[in-house]
Amino acid sequence: MNLDLYLDKHAHIKEELSAISTLIDSKITPGTAEQIADRINHLSGMLLMHLASEDKYLYPVLLASNNTEIKALTEKYMKEMGSIAASYSSLKEKYHTPSAILGNTPEFITSAMTVISAITERIAREENELYVYAAKL
């Protein structure tokens, strides 16, 4: 299975996460809050497209494998992604505007960094574990 498209999407997602982190690390002003909100909204589209692609093409191939270890790992990843996606969705719903970010900056920073960390770790694990199996199919 060719995973170049998934790896390319991961690279773009990681760039967006890094940009958001950098903006968070700077002093959050009305201008940076606007940039963060724009990036959060842009990232949402990227994540939705990536997850839909995995659900439609990657996971079915892995679940059809005769290898029970691959099937179990895939099911674990699918379940886990549900909670990560829900966390991101909650963040986006709550902080998709500059005024929301500025209205409770400390809570936003904590929530955003937790979600960014979870997505970053998930991408690393996918690339180092799940995609290794997929590449062999």
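Biologist: Buried or exposed: how does I84 count here?

Modeller: The idea is to look at relative accessible area with a 1.4 Å probe, protein chains only: under 20% is buried, over 50% is exposed, and anything in between is partly exposed. I84 has 10% relative accessibility, so it counts as buried. One caution: this is a predicted model, where local features need pLDDT of at least 70 and side-chain atom pairs count only at pLDDT 80 or more, while totals for chains, interfaces and linings use all residues. Residues are numbered from 1 along each chain as its sequence is written, and side-chain values use heavy atoms, with hydrogens and water left out.

Biologist: Where is the place of I84, and what is I84 in contact with beyond its sequence neighbours?

Modeller: I84 sits in helix α3. Helices are DSSP runs of H or I with at least four residues, strands are runs of E with at least two, and both are numbered from the N terminus. Contact means heavy atoms within 4.5 Å. Setting aside neighbours within four places in sequence, I84 touches A118, I119 and R122.

Biologist: Take A118, then. Which helix does A118 lie in?

Modeller: A118 belongs to helix α5. With 27% relative accessibility, A118 counts as partly exposed.

Biologist: Let me step back. How many helices and strands are in the chain?

Modeller: There are five helices and zero strands, giving the pattern α-α-α-α-α along the sequence. The C-alpha trace spans about 55 × 25 × 20 Å along its principal axes. Of the 137 residues, 39% count as buried. Take the contacts between residues at least 6 apart in sequence: 76% of them join residues at least 24 apart.

Biologist: At what angle do the axes of α2 and α3 cross?

Modeller: Axes are lines fitted to C-alpha atoms, for helices over the stretch in contact, and angles run from 0 to 180 degrees between N-to-C directions. Under 35 degrees counts as roughly parallel, over 145 as roughly antiparallel, 65 to 115 as roughly perpendicular, and the rest as oblique. Helix α2 (residues 30–63) and helix α3 (residues 68–94) have axes that come within 11 Å and cross at roughly 165°. That makes α2 roughly antiparallel to α3. Among the residues making this contact are I40, L47 and L51 of α2 and M78, M81 and Y88 of α3. Sorted by class, they are 13 nonpolar, three polar and three charged. For those classes, Ala, Val, Leu, Ile, Met, Phe, Trp, Tyr, Cys and Pro are nonpolar, Asp, Glu, Lys and Arg are charged, and the others, Gly among them, are polar.

Biologist: How far apart are the axes of α2 and α5?

Modeller: They are 13 Å apart, and the helices pack at an angle of about 25°. α2 and α5 are therefore roughly parallel to each other. I36, H50 and Y59 in α2 are among the residues that meet α5, whose side of the contact includes F108, R122 and Y131. The class count is 11 nonpolar, one polar and three charged.

Biologist: And what is the angle between α3 and α5?

Modeller: About 160°, with their axes 10 Å apart. That makes α3 roughly antiparallel to α5. By class, this contact has 14 nonpolar, three polar and eight charged residues.

Biologist: How many residues are in the largest nonpolar core?

Modeller: Nonpolar side chains tend to be buried together in soluble globular proteins. A nonpolar core is a set of buried Ala, Val, Leu, Ile, Met, Phe, Trp, Tyr and Cys residues joined through side-chain atoms within 4.5 Å. The largest one here has 26 residues, and I13, I36, Y88, I101, F108 and I119 have the most contacts inside it. The elements giving two or more residues to this core are α1 (4–25), α2, α3 and α5 (105–136). α2 gives the most, with eight. Apart from neighbours within four places in sequence, I36 is in contact with I20, L23, I24, I28, I101 and F108. A second, separate core of 12 residues includes L3, L73, Y77 and Y131.
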